[in-house]
Amino acid sequence: MSEQAAVCQSCAMPLVKKEDHGTEKDGSLSSVYCTYCYRNGEFVNPGATLEEIAEHGAAMISQMYEMPLDNARMFMTGQLRTLKRWSGRIVPTCQSCGMPIFSGEEAGTEKDGTESSSYCVHCYQKGEFTEPDLTHEEMIQKGIPIMTRKFGLKPEKAEEMIRTFTSALSRWS
(Lines give C-alpha, C1' and ligand atoms only; values in the text may rest on other atoms or scores of the structure.)
Protein backbone atom coordinates (compact mmCIF):
# COMPACT_ATOMS: atom_id res chain seq x y z
CA MET A 1 0.00 0.00 0.00
CA SER A 2 1.42 3.41 -0.95
CA GLU A 3 1.73 6.20 1.57
CA GLN A 4 -0.68 9.12 1.30
CA ALA A 5 -0.76 12.38 3.20
CA ALA A 6 -3.08 15.38 3.40
CA VAL A 7 -0.16 17.70 4.18
CA CYS A 8 3.45 17.80 3.07
CA GLN A 9 5.42 15.49 5.33
CA SER A 10 8.28 18.00 5.45
CA CYS A 11 6.68 21.46 5.90
CA ALA A 12 2.94 20.77 6.66
CA MET A 13 1.63 22.61 3.60
CA PRO A 14 -1.82 21.23 2.70
CA LEU A 15 -1.65 19.02 -0.41
CA VAL A 16 -4.91 20.10 -1.98
CA LYS A 17 -4.20 20.50 -5.71
CA LYS A 18 -2.17 18.38 -8.09
CA GLU A 19 0.34 21.20 -8.51
CA ASP A 20 0.95 21.28 -4.73
CA HIS A 21 2.71 17.90 -4.91
CA GLY A 22 6.43 17.42 -5.44
CA THR A 23 7.75 14.89 -7.93
CA GLU A 24 9.53 11.55 -7.74
CA LYS A 25 12.60 10.64 -9.86
CA ASP A 26 10.35 9.10 -12.52
CA GLY A 27 8.31 12.33 -12.79
CA SER A 28 5.27 10.97 -10.94
CA LEU A 29 3.68 13.07 -8.20
CA SER A 30 4.84 12.54 -4.65
CA SER A 31 1.99 11.46 -2.42
CA VAL A 32 3.68 12.84 0.70
CA TYR A 33 5.79 15.92 -0.16
CA CYS A 34 5.04 19.33 -1.68
CA THR A 35 6.68 20.94 -4.69
CA TYR A 36 8.56 23.43 -2.49
CA CYS A 37 10.25 20.68 -0.46
CA TYR A 38 10.68 17.80 -2.90
CA ARG A 39 11.51 17.60 -6.60
CA ASN A 40 12.83 14.78 -8.77
CA GLY A 41 12.87 12.38 -5.81
CA GLU A 42 15.04 14.59 -3.60
CA PHE A 43 14.56 17.26 -0.98
CA VAL A 44 15.13 20.75 -2.38
CA ASN A 45 17.09 21.61 0.77
CA PRO A 46 18.38 18.27 2.13
CA GLY A 47 20.32 19.89 4.97
CA ALA A 48 17.38 21.87 6.34
CA THR A 49 16.64 21.40 10.02
CA LEU A 50 13.24 21.19 11.68
CA GLU A 51 13.96 24.53 13.33
CA GLU A 52 14.73 26.22 9.97
CA ILE A 53 11.58 24.85 8.35
CA ALA A 54 9.57 25.86 11.44
CA GLU A 55 10.96 29.39 11.34
CA HIS A 56 10.11 29.76 7.64
CA GLY A 57 6.63 28.31 8.15
CA ALA A 58 6.05 30.44 11.25
CA ALA A 59 6.79 33.61 9.31
CA MET A 60 4.26 32.58 6.65
CA ILE A 61 1.59 31.51 9.18
CA SER A 62 2.13 34.69 11.19
CA GLN A 63 1.64 36.84 8.11
CA MET A 64 -1.23 34.86 6.58
CA TYR A 65 -3.29 34.52 9.75
CA GLU A 66 -2.00 37.51 11.78
CA MET A 67 -0.77 35.11 14.47
CA PRO A 68 1.87 36.42 16.88
CA LEU A 69 5.24 35.11 15.64
CA ASP A 70 6.10 33.24 18.86
CA ASN A 71 2.72 31.47 18.72
CA ALA A 72 3.20 30.69 15.03
CA ARG A 73 6.63 29.23 15.82
CA MET A 74 5.10 27.05 18.56
CA PHE A 75 2.31 25.95 16.19
CA MET A 76 4.70 25.09 13.34
CA THR A 77 7.16 23.23 15.56
CA GLY A 78 4.31 21.12 16.94
CA GLN A 79 3.01 20.38 13.45
CA LEU A 80 6.41 19.53 11.99
CA ARG A 81 7.29 17.07 14.76
CA THR A 82 4.43 14.84 13.56
CA LEU A 83 5.67 14.65 9.95
CA LYS A 84 7.57 11.84 8.26
CA ARG A 85 10.70 13.85 7.50
CA TRP A 86 11.13 14.68 11.19
CA SER A 87 9.49 11.76 13.01
CA GLY A 88 10.51 8.98 10.62
CA ARG A 89 6.92 7.90 9.99
CA ILE A 90 3.63 9.23 8.77
CA VAL A 91 1.61 9.95 11.89
CA PRO A 92 -2.05 9.34 11.03
CA THR A 93 -4.30 12.38 11.20
CA CYS A 94 -7.93 12.22 12.27
CA GLN A 95 -9.94 12.68 9.11
CA SER A 96 -12.60 14.58 11.03
CA CYS A 97 -10.74 17.08 13.26
CA GLY A 98 -7.13 16.88 12.05
CA MET A 99 -5.63 15.74 15.37
CA PRO A 100 -2.45 13.69 15.02
CA ILE A 101 -2.94 10.11 16.25
CA PHE A 102 0.35 9.13 17.86
CA SER A 103 -0.81 6.02 19.71
CA GLY A 104 -3.60 3.50 20.01
CA GLU A 105 -5.02 5.38 23.01
CA GLU A 106 -5.67 8.35 20.71
CA ALA A 107 -7.28 6.28 17.94
CA GLY A 108 -11.02 5.89 17.67
CA THR A 109 -12.52 2.40 17.59
CA GLU A 110 -14.42 0.37 15.03
CA LYS A 111 -17.57 -1.61 15.89
CA ASP A 112 -15.49 -4.70 16.65
CA GLY A 113 -13.26 -2.74 19.05
CA THR A 114 -10.24 -2.51 16.76
CA GLU A 115 -8.44 0.81 16.31
CA SER A 116 -9.74 3.11 13.62
CA SER A 117 -7.09 3.95 11.05
CA SER A 118 -8.87 7.19 10.13
CA TYR A 119 -10.36 8.83 13.21
CA CYS A 120 -9.39 9.85 16.74
CA VAL A 121 -11.04 8.79 19.98
CA HIS A 122 -12.76 12.19 20.32
CA CYS A 123 -14.52 11.91 16.95
CA TYR A 124 -15.18 8.18 16.49
CA GLN A 125 -16.11 5.37 18.90
CA LYS A 126 -17.55 1.90 18.33
CA GLY A 127 -17.73 2.46 14.57
CA GLU A 128 -19.73 5.68 14.79
CA PHE A 129 -19.00 9.38 14.91
CA THR A 130 -19.40 10.80 18.40
CA GLU A 131 -21.31 13.68 16.78
CA PRO A 132 -22.88 12.07 13.71
CA ASP A 133 -24.84 15.15 12.66
CA LEU A 134 -21.91 17.55 13.01
CA THR A 135 -21.32 19.55 9.83
CA HIS A 136 -17.98 20.86 8.64
CA GLU A 137 -19.18 24.38 9.38
CA GLU A 138 -20.14 23.41 12.95
CA MET A 139 -16.77 21.74 13.47
CA ILE A 140 -15.02 24.91 12.29
CA GLN A 141 -17.10 27.05 14.64
CA LYS A 142 -16.22 24.75 17.59
CA GLY A 143 -12.51 25.17 16.82
CA ILE A 144 -12.46 28.95 16.61
CA PRO A 145 -12.41 29.62 20.40
CA ILE A 146 -9.67 27.02 20.86
CA MET A 147 -7.46 28.59 18.19
CA THR A 148 -8.07 32.14 19.43
CA ARG A 149 -7.23 31.18 23.01
CA LYS A 150 -4.26 28.92 22.27
CA PHE A 151 -2.58 30.88 19.46
CA GLY A 152 -3.82 34.46 19.84
CA LEU A 153 -5.72 34.53 16.55
CA LYS A 154 -8.56 36.87 15.69
CA PRO A 155 -11.76 34.81 15.28
CA GLU A 156 -12.00 35.45 11.53
CA LYS A 157 -8.39 34.35 11.03
CA ALA A 158 -8.92 31.27 13.21
CA GLU A 159 -11.90 30.37 11.02
CA GLU A 160 -9.88 30.84 7.84
CA MET A 161 -7.03 28.72 9.18
CA ILE A 162 -9.26 25.88 10.38
CA ARG A 163 -11.15 25.89 7.08
CA THR A 164 -7.90 25.67 5.11
CA PHE A 165 -6.41 22.87 7.19
CA THR A 166 -9.59 20.76 7.42
CA SER A 167 -10.91 21.07 3.87
CA ALA A 168 -8.88 18.08 2.67
CA LEU A 169 -9.96 15.76 5.50
CA SER A 170 -12.02 12.86 4.15
CA ARG A 171 -15.03 13.46 6.43
CA TRP A 172 -15.48 16.91 4.90
CA SER A 173 -14.23 16.53 1.33
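These notebook entries record what I looked up in the structure.

**Basis**

I worked from a predicted model, in which local features need pLDDT of at least 70 and side-chain atom pairs count only at pLDDT 80 or more, while totals for chains, interfaces and linings use all residues. Residues are numbered from 1 along each chain as its sequence is written, and side-chain values use heavy atoms, with hydrogens and water left out.

**Overall form**

I began with the secondary structure and found 5 helices and 8 strands in the protein. Helices (H or I, at least four residues) and strands (E, at least two) are DSSP runs, numbered from the N terminus. Read from the N terminus on, the order of elements is β-β-β-β-α-α-α-β-β-β-β-α-α. The radius of gyration is 16 Å, close to the 16 Å that the globule rule gives for 173 residues, so the protein is as compact as a globular protein of that length. That radius is taken over C-alpha atoms, and the globule rule is 2.2 Å times the number of residues to the power 0.38. Along the principal axes, the C-alpha atoms fill a box of roughly 45 × 40 × 25 Å.

I then looked up burial and surface. Of the 173 residues, 39% count as buried; buried means under 20% relative accessible area, exposed over 50%, and partly exposed in between (1.4 Å probe, protein chains only). The protein exposes about 9,900 Å², of which carbon and sulfur atoms supply 53%. These areas come from the Shrake-Rupley method with a 1.4 Å probe, and for residues only the protein chains shown count as cover. Among contacts with a separation of 6 or more, residues 24 or more positions apart account for 43%; contact means heavy atoms within 4.5 Å.

**Aromatic pairs**

I noted 8 aromatic pairs in the structure. The rings of Tyr 33 and Tyr 38 have their centres 4.8 Å apart and their planes at 35°, so this pair is tilted. By the criteria used, rings of Phe, Tyr and Trp (its six-membered ring) pair if their centres lie within 6.5 Å; planes under 30 degrees apart count as stacked, over 60 as edge-to-face and the rest as tilted. Both Tyr 33 and Tyr 38 are buried.

Tyr 119 and Tyr 124 also form a tilted pair, 5.0 Å centre to centre with 35° between the planes. I found both Tyr 119 and Tyr 124 buried.

Phe 43 lies in strand S4 (residues 42-43) and counts as partly exposed at 24% relative accessibility. Leaving aside neighbours within four places in sequence, Phe 43 is in contact with Ser 10, Tyr 33, Cys 37, Tyr 38 and Arg 85.

Arg 85 lies over the face of Phe 43, at 3.8 Å from the ring centre. A charge sits over a ring if NZ of Lys or CZ of Arg is within 6 Å of the ring centre and within 35 degrees of the ring normal. Phe 43 and Arg 85 are 42 residues apart along the chain, and their C-alpha atoms are separated by 9.9 Å. I recorded a further case in Arg 171, which lies over the face of Phe 129 at 3.7 Å from the ring centre.

**Cysteines and Gln 9**

I found 0 disulfides, a disulfide being a pair of cysteine sulfur atoms within 2.5 Å. The cysteine sulfur closest to that of Cys 8 is in Cys 34, at 3.7 Å, too far for a bond. Cys 8 is buried, with a relative accessible area of 0%. For Cys 94, the closest cysteine sulfur is in Cys 120, at 3.7 Å and again too far for a bond. Cys 94 is buried, with a relative accessible area of 0%.

Gln 9 lies in the segment before strand S1 (21-23) and is buried at 4% relative accessible area. Beyond four places in sequence, its contacts include Tyr 33 and Arg 85.

**Start of helix H4**

Apart from neighbours within four places in sequence, His 136 is in contact with Thr 166, Ser 167 and Trp 172.

Glu 137 is also found in helix H4, and counts as partly exposed at 36% relative accessibility. Not counting residues up to four places away in sequence, Glu 137 touches Glu 159 and Arg 163. Glu 137 and Arg 163 are 26 residues apart in sequence and 8.5 Å apart in space, C-alpha to C-alpha.
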